[in-house]
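Welcome! Take a look at the sequence and the model first.

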Amino acid sequence: MSLPAATLEAATRHRLRAWEALPWLAALGAFFLFPDYLAFGTQVLVMILFALSLDLVLGYAGIVTLGHAAFFGAGAYTVAMLAAHAGWNEPLSGLAVAALVAGLLGLASGWVLLRTHGLTLLMLTLCTMALLEQAANMFSGFTGGFDGMPGLAFQPILGRFEFDVLYFRTQYLYALAVLFACFIALRVLVHSSFGRSLTGIRENLLRMHAVGAPVRARQVLAYAVSAALAGVAGAVFVQATSYVNLAVLGLERAAGVLIILILGGYGRLYGAFVGALAYLLLEHTLSKAYPTAWQLGIGITLVLVALYARNGILGLADALRRRWRER
Amino acid sequence: MDLASILLGGLAAGMVLFVVSVGLSVTMGLMGFVNLAHGGFAMLGGYAVVLAMRHWGLPFGAALALGFVAVALVAALLERTLYARLYRASELDQVLFTIGLVFVMVAGVTLTVGPETQGVQLPPWLRGQTDLGFLKYRTYSLALIAFGVLLMAALWLGFERTRIGAQIRAAVDNRRMAESMGVNVRRLFTLTFALGSGLAAAGGGLGAEILGLDPQYPLRYLAYFLIVVAVGGLGRVSGVFFAALALGVLDFVLKVHFPKGGTMFIYALTIAFLLARPQGLFGKRA
Amino acid sequence: MSAVLLETQGLSKRFGALEVARGIDFRLEAGARHALIGPNGAGKTTFVNLLTGVLAPTDGRVLLDGEDVTRLAPAKRVKRGIARTFQINQLFRGLPVLENVALAVAERLGAGGDMVRPAGRRADVLAEAGRLVELLHLGADAGRRIDELPYGRQRLVEIAIALGLEPRLLLLDEPAAGIPSAESHIVLEAIAALPPAIAVLIIEHDMDLVFRFAERITVLVGGAIFAEGTRAEIAANREVRAVYLGTALDA
């Protein structure tokens, strides 16, 4: 591609494309077309947000973490404990507090952990998550421990829209609205100069230092923002399901979101959408029937992805499109 | 429980951690490959021991040897066919591959044997208690401690006195320089990976009574294996030894006194330790 | 006499028993056109690593504008005006050429911290990046990913990035290595087009390039300065010829 074309591409990359409306139209369509599956739909929306948060830190900044559920859980427990112990169950403000708590946790742990890299960093992210999980276990008086806190009640959103325990209509639209707002913010962020510099950090850390970028500050900031978003996802999860337990802080959830992001395609935002929908749909249908075969299938898929399709479904789609064009 | 019992119990658990993790430390130090599936080899070894004893009537020692060899062979095969393709890959790819591999191992074991915890029938000479004079303690645990010390000594001798050991140490310190001095690093990888995984298998079988043996084993102990390796310093056998013992004792103590969530202190300590000393106990500064 | 931009005093680096830099006293003035030559393993790249802060010295100091920067992190030294190319390309491999250069320019212009304004809207960054891409004859490849380019073209991107930082001191580590000889003039032209006030230090093995570019030459052998002088002095220096240049210059 020549310079004028490349410059045009770089100058317009951030512009909204028509097809970007599709996911949202589809989500709204699902609301009307699948009224009996909105509880499942809400799960998908929550996981999309969670996967988006991971995409910022992993797909864009290149920080490999197995402990991102720490922030999901932090947001989840913040909302739960505010509601159960402080009588603070207004959902929107609870969401804000959850984002703040998770974001601060991300800032602190990022500042401390991102001095390390490679296996040490990976292991420390695991440790941070396990630390929180065991702390929640230890202080079960506050957190409900292993059994968790069922029956959490939340006020209607904006005073008018009550949480719909039977059909999840309110929850679904609430989750969709939150996802939309967070997505807009994230999209702006990744297209900003800051976001581009994260890509540079991911592609070549040494080079980024050698162009004078304050690498660590950028990484920590990205980590903190990502943590806040994960916290929001966790908070919505609890508000929608009225329940929290230790699983929100567990390795299963952290591994799950990583798999979702990789399956869909990391470093491109929309991979989170594709991955979450595909994975959760498959899990919903297959895992209940054949749980062990499901795990085997996921394992084999991961091995194949790592060897042949590291850019996930969207990456494969890109490759196919490129090959089609070159015919 | 008195102090001595707690200490011995923790040491026994620590020894198992050592036997399982030492292979991971050396291969990580040597290859720089993030192998999250290492616990899976330990699990496979444990299951091999259990099945060999149950279906073929092998005695415990022979079953352990069989587990060691069988898993070492499987590991060597996997290394040649799959792992080797990802040596130059990104850390993320290595993480994905090894997580996938663990899932396959876990699912495979669940499908073939079942999800229940497996017990190992200890041979008569390991059962019961031994009188140490100042205290009577479980023979099995004492044997584990003794085995761990012997293994440490054997490994130390192996690394210090044999040519292969010297080659491994050189390659861990500086792979390119070792290669330029004529060390066949590829073959060293396979050998070390096989031996390390075989040791893990033996550890899985040996420690089945203490750490348990069920399909969730590799994921349940993943953090611990990684902690032991990172705290000990990559590729440092003595480091793994002391880190594993410390972790074993701490875990035991905490589980006794703070059964709910006590292990949070282990994670907190690990974080604090590695921040103060990122190269681990005996690792070299980057 | 021009101001001294860079100075090292007794700069030394030891790895265990291996001494890769021994007490190097070096001076570079603003506007210098200086070459660093020497046999393989002489420690030339190590020296550059010490200058840029990638390596910490075991002894000695590095001074920039008279200020001690020995403990300063690499990124901070870049902000003070030092830019380098690496002996082995250090590029953003998955990104296109234009983006590679734009990232460097963005950092220099202080845009990298902006979390809101789309990078694409920063016409100043894109224009400057485009100018550098053209300068190094990379226009046709501007949109191609680094890992799709031949090595020689990648090398040119490496130089474009360094130029994008608008340094006061430019350290080029074997800039022509890997560039087909038909294109090596591009490198010289780009350097010739630099503002005269910039100090340029080149590490090179291509003696043709060295003698066309350098006004002063330092010869490094075994981690220590073996000889130093003007182009003519070094060309005439018999010991240097014996140790390094061989008889290539006799013709």
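A residue counts as buried if 20 or more other C-beta atoms lie within 10 Å of its own, as exposed if 12 or fewer do, and as partly exposed in between. Please keep in mind that this is a predicted model.

**A residue in chain B**

- B:Q129 has 13 C-beta neighbours inside 10 Å, so B:Q129 counts as partly exposed.
- You will find B:Q129 in strand β1 of chain B, which covers residues 129-131.
- Setting aside neighbours within four places in sequence, the contacts of B:Q129 are B:K136, B:Y137, B:R138 and B:T139.
- B:S141 is twelve residues from B:Q129 along the chain, and 9.3 Å separates their C-alpha atoms.

**A covered strand in chain C**

- Now move to strand β7 of chain C, residues 169-173, which is mostly covered, with five of its five residues buried.
- On one side of β7(C) the buried residues are C:L169, C:L171 and C:D173, and on the other they are C:L170 and C:L172, which leaves both faces covered.

**The partners of that strand**

- Strand β6 of chain C (residues 82-85) pairs with β7(C) in the parallel sense, over four bridges.
- In this pairing, C:L172 of β7(C) has C:T85 opposite.
- Strand β8 of chain C (residues 199-203) also runs parallel to β7(C), and five bridges join these two strands.
- Here C:I203 in β8(C) stands opposite C:D173.
- To get from β7(C) to β8(C), the chain passes through helix α6 of chain C (residues 184-192), making a right-handed β-α-β crossover.

Key. Residues are numbered from 1 along each chain as its sequence is written. Chains are lettered from A and ligands numbered from 1 in the order in which they are written. This is a predicted model: local features need pLDDT of at least 70, side-chain atom pairs count only at pLDDT 80 or more; totals for chains, interfaces and linings use all residues. Two residues are in contact if their C-beta atoms, placed from the backbone, lie within 7 Å. Two strands pair if DSSP finds at least two bridges between them. A crossover is right-handed if, with the strands pointing away from the viewer, the path from the first strand over the helix to the second runs clockwise.
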